[in-house]
Each structure stands twice: as C-alpha cells, then as structure tokens.
Amino acid sequence: MFGIIGAMDVEIEAVKNKVSQPKITVFAGCEFVCGTINGAEVCVAKCNPGKVNAALCTQAMIDRFGVSAIINLGVACSLSRDITIKTIVVATEVCQYDFDTSALGEPKGMVYNNMTKFPTDKALSNALFAAAEACGATVHRGCIASGDTFIASQALKDEIVRDFGAVCGEMEGGSIGHVCYVNGVPFAVLRSISDGGDGEASIDYPAFKEIAAAMSSEILLHFFK
C-alpha cells in the first residue's frame with residue numbers, strides 16, 4: 001500500500017477524489033482515506049503544515065495502516081535560479097534546515113544518529129521523475145529542505161543553500177523522510193514550485209499555489225497509471 005501525504009487541501013484533494021471505494025478513518029488528528037487508485041492500494045492523508053504535523057501523520061500512517069512506501073507531494077519555493085515557478089523537483093534527499101545545535105560543535109541540521117540528510121528511495125523517485133516528464137513538466141532533482149518557516153527572504157534562501165545545498169524549500173518533507181528512514185519505509189518527495197522564496201513570495205505564492213498543487217497531483221495520478 002502506498003501512503004500519500006500532502007499538507008493542505010489544495011495539495012491533496014484531487015488525489016483523494018480519485019480513490020475508489022474509500023474508507024475514511026480519523027486517527028491522531030488526521031483523516032486517512034484508504035482505497036485504490038487504478039488498482040493500486042493507497043492511503044491518502046492531509047497532515048497540515050509543519051514538521052511536527054507531518055511527522056505525526058507519517059508515523060500514524062505507518063503504524064495504523066501498514067503502508068509499504070510513502071510519497072509526499074505538494075508545493076515548494078525555489079532556492080535556485082535554475083528552478084522556476086511551475087517546474088517540478090523530485091528529491092534526492094531531504095533535510096531540516098532549522099534544526100541547529102551548532103553551538104555545541106555539531107553540524108546544522110543533524111537530527112538523528114549523526115545524519116543531516118535522509119536519502120529518498122531511488123526506484124520510487126525515478127518513477128515519479130518519469131511520470132513528471134510524461135506529463136510534460138520540466139523536472140529537476142536535488143535536496144529539498146524543510147523548516148517551520150515560510151521562506152520569504154533572500155537572506156534565508158542563501159543560508160539554506162550555503163548550509164545544505166538544497167534546491168527548494170518547504171515545511172514537511174524533511175520530517176516525513178526522517179520518520180520513514182527510522183522505520184525502514186521507502187519514501188519520495190515530489191514538489192511543484194509555487195514561488196521564489198524571496199521578498200516576492202507572499203505575492204507569488206497565493207497566485208500560483210493552486211496551479212502548482214494541481215501539477216503535482218496530476219503527476220502523481222499519472223504515476224498510478
């Protein structure tokens with residue numbers, strides 16, 4: 001069974017609506033919709049924004065529904081000049097840019113067992129990349145950085161790129177990857193770019209989030225074909 005997690009209705013509703021014979025369960029503050037999409041067993045949930053909400057949803061999905069792999073989809077900001085609004089990023093790895101114990105001499109972002117980044121599943125990520133290309137999207141790969149802050153300044157962008165080499169930023173993928181890694185569950189992160197994460201982000205995000213979210217949903221549904 002595939003677990004599918006998005007943070008907001010706009011990111012996950014189109015996928016939920018494609019679930020055949022849905023069975024709805026409310027657990028740990030999340031609504032889980034289980035059924036099939038084109039014959040594949042799925043469990044779909046909205047986790048709500050932020051790393052703790054995402055981690056709670058992910059652990060509940062693993063423990064309660066026994067998913068064999070998890071895909072996180074949704075929107076993100078670009079951290080690279082080469083990655084523009086309405087393009088796609090498939091993560092090679094994820095990190096948490098706002099976890100900082102560097103005052104103790106440790107690397108920024110070291111959240112577990114000397115790890116600052118969690119690698120995504122190659123086969124699952126490759127399949128999502130292929131689905132994105134089949135949908136006509138421009139697709140990039142790279143590290144996706146997560147934190148409990150809406151990125152909206154060039155200074156923060158530059159800091160994340162300097163410290164982690166990330167290509168886009170959001171608020172959930174790093175914690176979803178963390179939970180999946182410690183549980184031995186393969187995971188992938190697919191993000192559609194809604195804004196540039198700079199001083200214009202508060203203007204671009206409302207304008208493009210629905211378009212970007214629709215793109216990520218379309219690619220995921222193509223993946224299940």
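This is a predicted model: local features need pLDDT of at least 70, side-chain atom pairs count only at pLDDT 80 or more; totals for chains, interfaces and linings use all residues.
Next, select Cys143 together with Cys95. Here the gap between the sulfur of Cys143 and the closest cysteine sulfur, that of Cys95, is 3.8 Å, again too far for a bond. Cys143 is buried as well, at a relative accessible area of 3%. How many disulfides does a search of the whole structure find? It finds zero.

Now colour helix 2 (residues 51-65) and helix 5 (residues 173-183). Their axes come within 8 Å and cross at roughly 35°, and the crossing is right-handed. To see what touches, show the side chains of Lys51, Ala54, Ala55, Thr58, Gln59 and Ile62 on helix 2, then Ser175, Ile176, Val179, Cys180 and Asn183 on helix 5; these residues make the contact. Sorted by class, the contact has six nonpolar residues, four polar ones and one charged one.

For the last stop, go to Ser217, which sits in helix 6 (residues 201-223). Is Ser217 buried or exposed? Ser217 counts as buried, with 3% relative accessibility. Show Glu11, Ala14, Val15 and Leu73 too: these are the residues Ser217 contacts once its neighbours within four places in sequence are set aside. Finally, draw a distance from the C-alpha atom of Ser217 to that of Gly6: the two are 211 residues apart along the chain, and the separation is 9.8 Å.

Terms used. Residues are numbered from 1 along each chain as its sequence is written. Side-chain values use heavy atoms; hydrogens and water are left out. Axes are lines fitted to C-alpha atoms, for helices over the stretch in contact, and angles run from 0 to 180 degrees between N-to-C directions. Helices (H or I, at least four residues) and strands (E, at least two) are DSSP runs, numbered from the N terminus. A crossing is left-handed if the near helix is turned anticlockwise from the far one by less than a right angle, and right-handed if clockwise. Contact means heavy atoms within 4.5 Å. Ala, Val, Leu, Ile, Met, Phe, Trp, Tyr, Cys and Pro count as nonpolar, Asp, Glu, Lys and Arg as charged, and the others, Gly among them, as polar. A disulfide is a pair of cysteine sulfur atoms within 2.5 Å. Buried means under 20% relative accessible area, exposed over 50%, partly exposed in between (1.4 Å probe, protein chains only).
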